[in-house]
Amino acid sequence: AVAETRQKLIAASDARRHDEVVGLAAREPSLLTCSNVDLLWRVAEAFASTARQPRALDAYSYILDNCTKEPERLATVMKAAALLDYGQMQTLIAREKKLPDGSGEFEPIRDDLARRFVGEGGANARLEVAPAYLDRLEKLVASGGKASDALLLGWYHLKRNRMAEAGTFFRKARDIEDSASASQGLALTLIAAKNPKEAEAVMYKWRDSSQEATATYFAATANLLAIQPSPVIEADILARISAAVT
């Protein structure tokens, strides 16, 4: 009977019938042990997918409090990071154990965790990410990291109106790989710094890439044309602005 319940739980999980997963787990709690970590993961996912994140946190916490296999503990944090919010993840990460060499057991995924948390902060201005995660991402960028890492930092600072810091990282991202996101972010910081001429030049290539990009381009041109006293605008720049407006 226990074996059949196990198979039903796996089938329900694969079919994403989350309420059924929770019901089967409640019916046969003997399955939820460290010898069946995969089932614990499935139950945690079912809780998170049915808006019961605190119960999901309980399931992941149980694994870290009771199970000892390093690969399973690492995988638990990786799976949780895709489903839990920043605060809940800090509760899990606090359960990290030290390895014999003195390093933390979650060190192999610290970079990815930093990216996820800073990304959350870039989408939510009320979320203040711990400086350690920002510092980690900044070091990745400084050591020749990805444009995407610099973009995460740029949008994080922009969301908090720290335009100078945001501009630095958007420019770095654009130097690594020119993209619509990097150009739009940089243009917004340039507009804020009252440098709409450079903002227009930065955004012109990407002006039609999205509605937001178009709005940013025309914000740059409007600010440029509104400067008093009126600046001298080169004929080719004025012509392309006019064509874009038309």
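Reader: What should I know before I start?

Author: This is a predicted model, where local features need pLDDT of at least 70, side-chain atom pairs count only at pLDDT 80 or more, and totals for chains, interfaces and linings use all residues. Residues are numbered from 1 along each chain as its sequence is written, and side-chain values use heavy atoms, with hydrogens and water left out.

Reader: Which residues line the largest pocket?

Author: First, the idea: on a 1 Å grid over the protein atoms alone, a pocket is an open set of points where a 1.4 Å probe fits, with protein on both sides within 12 Å along at least five of seven lines, and lining residues have an atom within 4 Å of a point. Here the lining is made of V22, A25, A26, L32, L40, V43, F47, R55, D58, A59 and Y62. Helix 2 (18–27), helix 3 (37–49) and helix 4 (53–66) are the elements that each give two or more residues to that lining. Helices are DSSP runs (H or I, at least four residues), numbered from the N terminus. Helix 4 gives the most, with 4 residues.

Reader: Is R73 buried or exposed?

Author: Buried means under 20% relative accessible area, exposed over 50%, and partly exposed in between (1.4 Å probe, protein chains only). R73 has a relative accessible area of 1%, so it counts as buried. You will find R73 in helix 5 (residues 70–81). Leaving aside neighbours within four places in sequence, R73 is in contact (heavy atoms within 4.5 Å) with I63, L64, C67, T68, R95, K97, E105 and F106.

Reader: Which members of the largest nonpolar core touch the most other members?

Author: In soluble globular proteins, nonpolar side chains tend to be buried together. A nonpolar core is a set of buried Ala, Val, Leu, Ile, Met, Phe, Trp, Tyr and Cys residues joined through side-chain atoms within 4.5 Å. The largest one here has 72 residues, and Y60, L84, M89, L92, L113, F117 and V129 touch the most other members. Helix 3 gives the most to this core, with 9 residues. Leaving aside neighbours within four places in sequence, M89 is in contact with V77, A80, A81, L84, L113 and F117.
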